[in-house]
Amino acid sequence: MRNLHRVVAIIEQRKMRQAALERALALYQASCRTRAKSDIKIVALMPIFDFSFEGRLSSKMSLDQIEQNKSALIKKHKKWLENYLSIHAMGFDIECHVICSKFPGRDIISYARERSADIIIKTADVHGLLDSVLFTPLDLQLLRHSSIPVLIARDRIWHPTGVIAVALQMADPSDVKTRKLNMRLLREAQELSQITKCKIHLLNAIPPVLPPASIALPGFVPESLGDETLKEGCRALLTFAKRHRIMGEYCHIREGHPEDVIPALCDELKPTALFIGTAARDGLAVALLGNICEKVIDTLECDVAVITPKAVEHKQEISDLNTQ
């Protein structure tokens, strides 16, 4: 959300309440309260699935007929979207757009990049057991492949709670990609903090260390290895917080697996939003290793802002172009 200027809110079909649009409007209103004039532009984007080449009927149609049907379908949904915005977003200047695609996730990302969007807001979906592997919902498609930050909005009335949580990865301070991701998470959280006047809290989960059973050295105490790892993680997080002028009391460090620690801390802090990075795995890698953000997203009551490695690289590319 750094330098937030253009927001793309994904509109769901056949739903009268659009949490993504509500969140975009709430951000706009919060920005108006903290700035003399908000320059946030909202785009309401409705994806519809393209069935042009499905079934035997389409095989007997010419390309012109297929394009005419597609244009009529887009026009129909755009008219519905315009009518919806005239009622539920009265008084707001919102641009509306409909895309017809067989790959909506990919085309949403392409559209957002073309329009130089700063964030994509998507209503949280309800996920089944095999959704992460076989039938990937739209929100998970965006989380895995988007080069733009994605905010997963809960279907609830949005009220800033005074806390914004940022989940950091401090396991390897020498990892350049991890450091860049941590910095991007903090910068995005700081932008939202300026809009909502919430305090930033840093979260860090330190996985327990299980030393090999074969270690049988004289005087070696297995517990000491875990204690040293915990201390090192604490030092790394506190050093990071001090460098960015965040008080130590806003740092929360727990030993445990991230998928257990992060929901527990969020349940205690009740944050307005959680900022978290993702490894952006897909396919078989998800089944074997998984993505932490996907594991915790269904257990959280707050909004979740996710930044992928692609988003960090995309921001770096833009920065390099601006400095040339």
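Here are a few friendly notes on the aromatic pairs and the confidence of this predicted model.

1. Ground rules. The model is predicted, so local features need pLDDT of at least 70 and side-chain atom pairs count only at pLDDT 80 or more, while totals for chains, interfaces and linings use all residues. Residues are numbered from 1 along each chain as its sequence is written, and side-chain values use heavy atoms, with hydrogens and water left out.

2. Confidence. The protein chain has a mean pLDDT of 82, and 79% of its residues reach 70 or more; pLDDT is the predictor's confidence in each residue, from 0 to 100. Helices (H or I, at least four residues) and strands (E, at least two) are DSSP runs, numbered from the N terminus.

3. Aromatic pairs. A search of the whole structure finds two. Tyr 28 and Phe 92 are edge-to-face, 5.8 Å centre to centre with 80 degrees between the planes. This pair links helix H1 (residues 19–34) to the loop between helix H3 (63–88) and strand E3 (94–101), 64 residues apart. Rings of Phe, Tyr and Trp (its six-membered ring) pair if their centres lie within 6.5 Å; planes under 30 degrees apart count as stacked, over 60 as edge-to-face and the rest as tilted.

4. The other pair. Trp 80 and Tyr 84 are stacked because their ring centres are 5.3 Å apart and their planes at 20 degrees. Tyr 84 is buried at 5% relative accessibility, whereas Trp 80 is partly exposed at 32% (buried is under 20% relative accessible area, exposed over 50%, partly exposed in between; 1.4 Å probe, protein chains only).
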